[in-house]
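Please read them with the sequence and the structure open.

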Amino acid sequence: MNDELHALSGAYAVHALPSAERARFEAHLPGCPACAAEVRRLRETAARLAETAAEPPPPS
């Protein structure tokens with residue numbers, strides 16, 4: 001297990017990796033079910049967060 005690559009899953013999920021690191025992670029991804037699952041969960045969470053609407057706090 002390469003901890004350095006595993007640490008990139010969050011940034012990869014939100015498209016925040018430079019191209020060289022993205023290419024390394026994408027080469028790693030097909031052989032790592034743990035990273036694939038984490039990326040899937042993080043993308044689902046990011047999508048849910050994007051759908052939320054900010055509301056002002058109550059006056060009290």
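1. Helices and strands are DSSP runs, numbered from the N terminus: a helix is H or I over at least four residues, and a strand is E over at least two. With that naming, L17 lies in the loop between α2 and α3. This is a predicted model, in which local features need pLDDT of at least 70 and side-chain atom pairs count only at pLDDT 80 or more, while totals for chains, interfaces and linings use all residues. Residues are numbered from 1 along each chain as its sequence is written, and side-chain values use heavy atoms, with hydrogens and water left out.

2. The UniProt record, an unreviewed entry, lists residues 5-47 as "domain: Anti-sigma-K factor RskA N-terminal". UniProt positions are given in the numbering used here, feature names are shortened, and annotations may be inferred rather than shown by experiment. In the model this span is 74% helix and 0% strand, and its end C-alpha atoms lie 23 Å apart.

3. Is L17 buried or exposed? Buried means under 20% relative accessible area, exposed means over 50%, and partly exposed is in between (1.4 Å probe, protein chains only). L17 counts as buried because its relative accessibility is 12%. Contact means heavy atoms within 4.5 Å. Leaving out residues up to four places away in sequence, L17 touches L8, A11, Y12, R22 and F25.

4. H15 is also placed in the loop between α2 and α3. H15 counts as exposed, at 66% relative accessibility. The phi of H15 is near 60 degrees, a positive value in a residue other than glycine. Most residues other than glycine have a negative phi. I would look at the backbone here when going through the model.

5. Rings of Phe, Tyr and Trp (its six-membered ring) pair if their centres lie within 6.5 Å; planes under 30 degrees apart count as stacked, over 60 as edge-to-face and the rest as tilted. The count by this rule is 1 aromatic pair. The ring centres of Y12 and F25 are 4.8 Å apart and the planes are at 45 degrees, so the pair is tilted. Y12 is in helix α2 (residues 9-13) and F25 is in helix α3; they are 13 residues apart, and the pair links distant parts of the chain. Y12 is buried at a relative accessible area of 11%, and F25 is buried at 0%.

6. A salt bridge is a side-chain nitrogen of Lys or Arg within 4 Å of a carboxyl oxygen of Asp or Glu. The count comes to 1 salt bridge. R24 forms a salt bridge with E4, and the closest N and O atoms are 3.3 Å apart. This pair links distant parts of the chain, with R24 in helix α3 (residues 19-28) and E4 in helix α1 (residues 3-6), 20 residues apart. R24 is partly exposed, at a relative accessible area of 37%.

7. Which residues does H28 touch? Not counting residues up to four places away in sequence, H28 touches L5, H6 and C35. H28 is found in helix α3 and counts as buried, at 17% relative accessibility.

8. A disulfide is a pair of cysteine sulfur atoms within 2.5 Å, and the count comes to 0 disulfides. C32 is in no disulfide; its nearest cysteine sulfur, that of C35, is 3.6 Å away. C35 is likewise in no disulfide. C32 counts as buried at 9% relative accessibility, and C35 is buried at 0% relative accessible area.

9. The expected span of a helix is 1.5 Å times one less than its number of residues. Helix α4 (residues 33-51) has 19 residues and should span 27 Å, which agrees with the 27 Å between its end C-alpha atoms. The buried residues of α4 are C35, A37 and V39. These buried residues pack against α1, α2 and α3.
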